[in-house]
Amino acid sequence: MQHPVTLRSMHANQSGIIDSVSATGELGRRIRDMGLVPGTPVTIMGRAPLKDPVALKLRDFTLTLRNNEADLIMVHVKESGENHQ
Amino acid sequence: MSATMALMGNPNSGKTTLFNSLTGARQHVGNYPGITVEKREGHLKVGELDITVVDLPGTYSLTAYTQDELVARNFLIENNPDAVVTVLDATNLERSLYLVLQILELGTPVIVALNMMDEVRRKGVSIDTTRLSALLGAPILEMVARTGEGREDLLREARKAMLHQRPARTELRISYGHDLDQTLDAMQAVIESSNFLGGRYPSRWLGLKYLENDPEILALGQSSPEVHARLREMTGTLADHCRKTLNTEPESLIADYRYGFISGLLKDGVITRPTTQARFDITDKLDTVLTNRLAGPLLMFAIIYLMFELTFTLGEVPMGWVESFFGWLSETTSATLPEGLLSSLIVSGIIDGVGGVLGFTPLILIMFFFLSFLEDSGYMARMAYMLDRVFRIFGLHGCSVMPFIISGGIPGGCAVPGVMAARTLRSPKEKIATVLTAPFLSCGAKVPVFLLLAAAFFPGSGASALFWITLGGWVMALLAARVLRSTVIKGEATPFVMELPPYRMPTLKGMCLHTWERVWQYIKKAGTVILAISILLWAAMTFPGPSEEQTARFADERAATEAMAWDSDEALEEALAEIDNVEAQQALRSSLAGMIGTALEPVSKPAGFDWRTNIALLGGFAAKEVIVSSLGTAYSLGEVDPEESTGLSEKLRSDPAWNVWVAVSLIAFVLLYAPCFVTVAVIGREIGWKWAAFSVGFNTILAYGVSVTIYQVGMRL
């Protein structure tokens, strides 16, 4: 597996496993409450028409995050189009 | 015997559908004291039990970050309901269980309702509920709230919980790893030996809250400073340790372990998924079109436009009925009561005031019906997702679009339902900014004023004038939002982190109940605050009134006119009507509003307004349509129908006090100044009276500034 990249830099249909979440305070709490914790498989569903926010699938639901929020989440990207879940 | 049952669950878990199915129309909505979180309660009779069902706000967690979460948590702790039902979206088990764990950690016995089981079955997934129930130590029932499947089982289980001796509070103990567990044990010992916070909270839970830096619990803890300091020291040491060894915070570890615990629960064959799982479900398929880069925005604008058109065209018909009913009522009253102050109070003060306000009811009804459809179906979240990038620039949220459009983002809207539509915004700062700026848009009542002025000074270009005014409204609303968000409502954007719930067909019953709730709240308001304000406004435009001499002079004049020889009856009528109009002008001028208008002339002169315009603008606080009719009275044209104001526009054009710049300045002022009092009342209800007062002051000052600039610059050109 390669070095983790930020969630923002991932493109549509890419999957990976969350490595770390560096958000703190209210944002950190909200992100974790929604289940974005290390070890969770995620798949990028796409981006809004203006490229921000980003939509991702995890644990059987779809979540949207602003790009600056996605910056705080590091992901180990899975090679090729192989999917999780 | 009476009992309380609380419903908890994630947003979109079908909790409210279950609530509606349990209580039907026997429900009412209020507010928790001092905050804007809604309190929804209903009643249900099962055998000998009178059950009060409380629908707690939908939450993902039980932290104290949002008011919703705080309300739900405090309800569980303080009210200690006889049964707590957690409603879970069974298609999304992991995240739903995260909330259940937190309730169990609090020691509250729960009944788990696995909702949406039909969708789970359709996907070919099976859940071993017996096993999960044993692992969790809580009864689990399969349900489909929208069809009523499982309702009876749930009631039976709830009844059992209510009638039988409540089990002693047994808190779920999750292991948070060696380091955290050790500190938690030590904290527990300190908490128990000192009877910290009077033993109201489970000790381990308190320890967890200290580790999570829960602001509410930390504030409560200050009451025993010694214990508080010791606990803080323990958490501080642990946090340092975590940072050094694991490069993380205890609160992150807690969430990790909770999700780890859930993964453990769901392993061992609790969930069985089909081996060949279809990658795309219906929601994903719809989203490839509905949130597509090109088709998405186009469809969204089409939907917004359609909803707007339908609301206002469908609303027009019943609005007409309400108006004619009140028209008939005031005519009958004027005919029955002797002419005088009493009749004027009842007709002009009460009937016209309340009638004008109730006239909005059909609009609110239809608008909320569509709005609940968009929200319950899951589309509203997509709109927020697509538009967030634009609105964020101005310190707003993607969800701000609806209130803006309804308030008059397309001319002809109305700020009353617009402000109420801001309820869909869950971010407090963005909501306040939206509510305060939405009244800048061109609502339907301002349009006749614009058309009147355009007809007088820009003949033939009414449509393009309206276009530029509408655009001006948007620009001002967005800029004002930006300014407010960097001054009085300063602060970081609320995290967006939003779920895109699966598309689901809303239930008709749910939509009707939701709509009725809003309409009823509005009608109640019309009967109280709004009635009082319309009487005050009536009084301001009536008292002290012309002196006896003045009245006598007009009576003499009338008698003299009648005594003259006239060619025809019509000519006499006309002459008399003219006297009536002059008298009405005099009466208005000698009222409190007239005196204020005259007194304000020095202030309003720099913007180009004389006392007549001032009175009209004061009247416009009652309803913006009043501006046209008050201008008519002030120019002694008698009552002017806002829809047919040709005479008035002629008069304005030929009046030496008027010119193009006065007109532009007035247009800007009408667009921006204080919202009408119905809107102010609704703002007060939605975000507090302090903000309602602020909107009157802020908008008027802003409007004045803009108008003065326009007039002064214009006149020097």
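Here are a few worked exercises on the two-chain model above.

This is a predicted model, in which local features need pLDDT of at least 70, side-chain atom pairs count only at pLDDT 80 or more, and totals for chains, interfaces and linings use all residues. Residues are numbered from 1 along each chain as its sequence is written, while chains are lettered from A and ligands numbered from 1 in the order in which they are written.

**Exercise 1. Describe the fold of chain A, starting from its elements.**

Step 1: Begin with the elements, where helices (H or I, at least four residues) and strands (E, at least two) are DSSP runs numbered from the N terminus. Chain A has 2 helices and 6 strands, in the order β-β-α-β-β-β-α-β from the N terminus on.

Step 2: Turn to the radius of gyration, taken over C-alpha atoms, and to the globule rule, 2.2 Å times the number of residues to the power 0.38. Chain A has a radius of gyration of 12 Å, close to the 12 Å from the rule for 85 residues, so it is as compact as a globular protein of that length. The C-alpha trace of chain A spans about 35 × 30 × 25 Å along its principal axes.

Step 3: Look at burial. A residue is buried if 20 or more other C-beta atoms lie within 10 Å of its own, exposed if 12 or fewer, and partly exposed in between, with C-beta atoms placed from the backbone. Of the 85 residues in chain A, 51% are buried.

**Exercise 2. Which elements of chain A each supply at least two residues of the side that touches chain B?**

Step 1: Two residues are in contact if their C-beta atoms, placed from the backbone, lie within 7 Å. By that test, 28 residues of chain A are in contact with 28 residues of chain B.

Step 2: The elements that each supply at least two residues on the chain A side are α1 (25-33) and β5 (61-65). The most comes from α1(A), with 7 residues.

Step 3: Check for pairing, which requires that DSSP finds at least two bridges between two strands. Strand β5(A) runs antiparallel to β10 (residues 498-500) of chain B, and 3 bridges join them. Within this pairing, A:Thr62 has B:Leu500 as its bridge partner.

**Exercise 3. Find the backbone features in the loop between β3 and β4 of chain A.**

Step 1: A:Lys51 is exposed, with 10 other C-beta atoms within 10 Å.

Step 2: The loop between β3 (41-47) and β4 (54-58) also holds A:Pro53. The peptide bond from A:Asp52 to A:Pro53 is cis, with omega near -5 degrees.

**Exercise 4. Is helix α3 of chain B mostly covered or uncovered?**

Step 1: Check the length of the helix, for which the expected span is 1.5 Å times one less than its number of residues. The 13 residues of α3(B), 93-105, should span 18 Å, and the end C-alpha atoms are 18 Å apart, which agrees.

Step 2: Count the buried residues: 10 of the 13 are buried, and α3(B) is mostly covered. Among them are B:Leu93, B:Arg95, B:Tyr98 and B:Leu104.

Step 3: Follow the chain onward. Just after α3(B), B:Gly107 takes a positive phi of about 85 degrees.
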